[in-house]
Amino acid sequence: MEKLSFLNHYRKSIEFVSNKELLNNENIPEKWLEIFKETDKIKKKDKLIALWNSVCEKELSKTISYLQENLLEFELIIDNGQYAVLYSVQSENEEILYYEGGIPTNPFFIPEMREAWSKLPGSIKKFYEKLHNGFYYLPSKAMGLVQWNTLLILRIMNGEYLKI
């Protein structure tokens with residue numbers, strides 16, 4: 001099955017972002033622009049792994065090793081105005097699995113989030129601020145770290161603030 005039709009099975013508005021669209025894009029942090037503007041595939045992957053290592057080498061060493069060994073490609077996507085990185089990873093049984101890592105955004109503009117954010121461990125804050133706004137298996141949006149705005153929604157739906 002073609003990648004885009006597979007993705008559209010789960011999300012109707014996913015689009016791939018072209019290199020031309022990357023130029024002067026203010027919504028994407030400089031580190032990510034540098035990675036996506038790289039034309040050499042090996043250097044591009046090396047820069048990605050270096051970013052992961054700089055943010056969470058100790059905490060997510062197994063995930064980083066898994067990506068080093070099994071990452072086939074990664075691409076910038078946009079879905080309903082939100083940028084993310086689509087990771088295509090080969091599984092042990094040769095199946096291609098898709099993971100999504102949101103482009104980091106600033107959660108501090110929502111007052112309810114500011115208080116909870118200050119209570120999070122530094123390594124988790126660093127992941128969300130520097131690497132990804134969530135990282136999970138795309139079809140289910142599960143099996144990983146959820147987007148920070150999902151945490152806020154859970155707090156609101158629960159009728160009380162989660163104890164962090």
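In this predicted model, the residues lining the largest pocket divide into 8 nonpolar, 2 polar and 6 charged. The lining comprises 16 residues. Those nearest the pocket centre are Lys 41, Lys 44, Glu 73, Phe 74 and Glu 75. The volume of this pocket is about 360 Å³. Three elements, helix H2 (19–22), H4 and E2, each supply at least two lining residues. E2 provides the largest share, with 6 residues.

Phe 74 belongs both to the pocket lining and to the largest nonpolar core. The residue lies in strand E2. Phe 74 counts as buried because its relative accessibility is 6%, below the 20% limit. Beyond its neighbours within four places in sequence, Phe 74 is in contact with Ile 35, Phe 36, Lys 44, Lys 45, Leu 48, Val 85, Leu 86 and Tyr 87.

The largest nonpolar core holds 32 residues. Within this core, Trp 32, Trp 52, Phe 74, Leu 76, Tyr 87 and Leu 131 touch the most other members. Two or more core residues come from each of helix H3 (30–37), helix H4 (41–56), helix H5 (61–70), strand E2 (71–79), strand E3 (82–90), strand E4 (96–102), helix H7 (122–131) and strand E5 (135–137). H4 gives the most, with 6 residues. A second core is separate and has 7 residues. Its members include Ile 14, Ala 84, Tyr 98 and Leu 138.

Trp 52 illustrates the contacts made by a residue of the largest core. With neighbours within four places in sequence set aside, Trp 52 is in contact with Glu 57, Leu 60, Thr 63, Ile 64, Leu 67, Tyr 87, Phe 127, Leu 131, His 132 and Phe 135. Two of these partners, Tyr 87 and Leu 131, are likewise among the core residues that touch the most other members.

Strand E2 pairs with E1 and with E3. Strand E1 (residues 15–16) and E2 are antiparallel and share 2 bridges. Phe 16 has Ile 77 of E2 as its bridge partner. E2 and E3 also run antiparallel, joined by 8 bridges. Asp 79 stands opposite Gln 82 in E3. The hairpin of E2 and E3 has 2 residues between the strands.

Backbone angles were examined at two loop positions. Most residues other than glycine have a negative phi. Asn 80, in the loop between E2 and E3, has a positive phi near 50°. Asn 80 counts as exposed because its relative accessibility is 65%, over the 50% limit. Glu 94 is found in the loop between E3 and E4. Glu 94 is not a glycine, yet its phi is positive, about 70°. At 57% relative accessibility, Glu 94 is also exposed.

Glu 38 presents a buried loop position. The residue is found between H3 and H4. Apart from neighbours within four places in sequence, Glu 38 is in contact with Lys 43, Lys 44 and Lys 47.

How values were computed. Residues numbered from 1 in each chain as written. Predicted model: local features only at pLDDT ≥ 70, side-chain atom pairs only at ≥ 80, totals over all residues. Heavy atoms only, no water. Core = buried A, V, L, I, M, F, W, Y, C linked by side-chain atoms within 4.5 Å. Buried < 20%, exposed > 50% of the residue type's maximum accessible area, 1.4 Å probe, protein only. Helix = DSSP H or I, 4+ residues; strand = E, 2+ residues; numbered from the N terminus. Contact = heavy atoms within 4.5 Å. 1 Å grid on protein atoms, 1.4 Å probe; cavity = no way out; pocket = protein on both sides within 12 Å on 5 of 7 lines; lining within 4 Å. Points joined across faces, edges and corners; volume = space filled by probe spheres on them. Nonpolar A, V, L, I, M, F, W, Y, C, P; charged D, E, K, R; others polar. Pairing = 2+ DSSP bridges.
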